Amino acid sequence: MQNSRTPSIQRAKTLTFCAMFVALVAVCAQITVAMPSGISFTLQTFAIALCGYLLGVKYGALVALVYLLLGAVGLPIFSAFRGGFYVLFGVTGGYIWGFMPMAALCGLAANAKRKILPYVWGIPALLVCYFCGTVQFVLLTGTDFKAALLLCVTPYIWKDILSLAAAAMLAGRLRGVLKHFGFPPQRVIVERAQSKSGI
């Protein structure tokens, strides 16, 4: 009976953790400082990076996807309490699309033993997010790509790098707490153990 209940309990824990991180991203999206480009300073970069560093590729990207879908259907969880498809397909929506690959790339550093790896994966993750957002901005506004970078990326670089660093440090402290509560899923842990032992 206990064995049959374990997968269900583990799935419930996994869904709970993912829901908590979706909520975290939504909250961080509302901490904003308006900028002339229309792209506000927010803590979304920090939250998305933290999801990847803590939850790994699969669940980090899943959190970003669920956040995107909930916002797309109209829940006011994007920055400035906005929601709807018009945000995703607006001039700044590309940066939201970029959250999924960003979380996945940061997730490659989850459980990394070398402390430098979160930064090694975090920088390309940030660049991919910048690329997605800037390309959509250029397509919708007709702005020159270089000018778009100066407007939409340059003012945010140091803030985003500091966000990555803060997320990496916090993830290192919280990882043990998540493991104590059974995350990542036990099945993944068992599979890793079996692969290492050659079973």
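The buried residues of helix α5 pack against α2 (44-72), α4 (93-97), α6 (117-141) and α8 (157-180). Buried means under 20% relative accessible area, exposed over 50% and partly exposed in between, with a 1.4 Å probe and protein chains only. Helices (H or I, at least four residues) and strands (E, at least two) are DSSP runs, numbered from the N terminus. This is a predicted model, in which local features need pLDDT of at least 70 and side-chain atom pairs count only at pLDDT 80 or more, while totals for chains, interfaces and linings use all residues. Residues are numbered from 1 along each chain as its sequence is written, and side-chain values use heavy atoms, with hydrogens and water left out.

**Helix α5**

- Helix α5 spans residues 99-107 and is mostly covered, seven of its nine residues being buried.
- The buried residues of α5 are F99, M102, A103, A104, L105, C106 and G107.

**Aromatic pairs**

- A pair of aromatic rings is described by the distance of the centres and the angle of the planes.
- Rings of Phe, Tyr and Trp (its six-membered ring) pair if their centres lie within 6.5 Å; planes under 30 degrees apart count as stacked, over 60 as edge-to-face and the rest as tilted.
- The structure holds five aromatic pairs.
- One of them is formed by Y67 and F78, an edge-to-face pair with 5.4 Å centre to centre and 75 degrees between the planes.
- This pair links distant parts of the chain, with Y67 in helix α2 and F78 in the loop between α2 and α3 (85-88), 11 residues apart.
- Y67 counts as buried because its relative accessibility is 0%, and F78 is buried as well, with a relative accessible area of 0%.
- The rings of Y67 and F99 have their centres 6.4 Å apart and their planes at 45 degrees, so this pair is tilted.
- Because Y67 lies in helix α2 and F99 in helix α5, the pair ties together parts that are 32 residues apart in sequence.
- F99, at 5% relative accessibility, counts as buried.
- Y67, F78 and F99 form one aromatic cluster.

**Nonpolar surface patch**

- Patches are made of residues with over 30% relative accessible area and no salt bridge; like charges are joined within 9 Å, and nonpolar side chains (Val, Leu, Ile, Met, Phe, Trp, Tyr) within 5 Å.
- A salt bridge is a side-chain nitrogen of Lys or Arg within 4 Å of a carboxyl oxygen of Asp or Glu.
- V57, L108, I116, Y119, V120, W121 and M169 form a nonpolar patch on the surface, with about 620 Å² of accessible area together (Shrake-Rupley method, 1.4 Å probe; for residues, only the protein chains shown count as cover).
- Helix α6 gives the most to this patch, with three residues.
- M169 lies in helix α8 and counts as exposed, at 55% relative accessibility.

**F181 and its contacts**

- F181 is found in the loop between α8 and α9 (186-197) and is partly exposed, with a relative accessible area of 47%.
- Not counting residues up to four places away in sequence, F181 touches K13 and F17, where contact means heavy atoms within 4.5 Å.
- F181 and F17 are 164 residues apart in sequence and 9.8 Å apart in space, C-alpha to C-alpha.

**Cysteines**

- The structure holds zero disulfides, a disulfide being a pair of cysteine sulfur atoms within 2.5 Å.
- C129 is in no disulfide, and the nearest cysteine sulfur, that of C132, is 6.7 Å away.
- C129 is buried, with a relative accessible area of 5%, and C152 counts as buried at 2% relative accessibility.
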